[in-house]
Amino acid sequence: MSRVQLALNVSDLAEAIDFYSKLFDAEPAKVRDGYANFAVADPPLKLVLIEGTGEPGSLNHLGVEVATTDDVSAATARLAGQGLGTATEDEVSCCFAVQDKVWTDGPDGEPWEIYTVLADAEMPAGQLREVEPGGDAMCCGSAPESSARCC
């Protein structure tokens, strides 16, 4: 099963969790310091809330969660075949999970990721991502253009 991901910057995580729990009639699937996500069944949506990053209420990034690494590889080949710039990340620790993913940017620079979750991961307090030495500490230093990505 695939589902669209919407990652939002929020000013107050507890208040956002309360609102989105009511809006989608669902409890968060994961809550950590400064981070929460919802795995909403209907409509199929992965909603990610990130506290203290970017302008509150603004888009952090978009994505599509897929079932397997093979799905990520197929998406990478398809995107590259269509002439889109891509950046892949294998077994990256991000947003309290180990993930395989591919990034591309939309026409206005909006960051999109297609990813699969391989396992849960604990992250240091307040950190959503582990980056390679010399990488962009904001997130996804190897991604095509946008530096605003988080996870």
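Colleague: Why is F19 called partly exposed?

Modeller: F19 comes out at 45% relative accessibility. Buried means under 20% relative accessible area and exposed means over 50%, with partly exposed in between (1.4 Å probe, protein chains only), so F19 counts as partly exposed. Bear in mind that this is a predicted model, where local features need pLDDT of at least 70, side-chain atom pairs count only at pLDDT 80 or more, and totals for chains, interfaces and linings use all residues. Residues are numbered from 1 along each chain as its sequence is written, and side-chain values use heavy atoms, leaving out hydrogens and water.

Colleague: And why does Y20 count as buried?

Modeller: Y20 sits at 17% relative accessibility, so it lands in the buried class.

Colleague: What makes Y20 and F24 a stacked pair?

Modeller: Rings of Phe, Tyr and Trp (its six-membered ring) pair if their centres lie within 6.5 Å; planes under 30 degrees apart are stacked, over 60 edge-to-face, and the rest tilted. Y20 and F24 are 6.4 Å centre to centre with 15° between the planes, so they pass as stacked. Both lie in helix α1 (residues 13–24), four residues apart, about one turn of the helix. Helices here are DSSP runs of H or I, at least four residues, strands are runs of E, at least two, and numbering goes from the N terminus. Together with F19, they form one aromatic cluster.

Colleague: How do you know that the length of α2 agrees with what a helix should span?

Modeller: The expected span is 1.5 Å times one less than the number of residues. For the 13 residues of α2 (residues 69–81) that gives 18 Å, and the end C-alpha atoms are 18 Å apart, so the two agree.

Colleague: What makes β1 and β5 paired strands?

Modeller: Two strands pair if DSSP finds at least two bridges between them. Strand β1 (residues 3–10) and β5 are joined by six, running antiparallel, so they qualify. L6 stands opposite L62 in β5.

Colleague: Why is β5 described as mostly covered?

Modeller: Five of the seven residues in β5 (residues 59–65) are buried.
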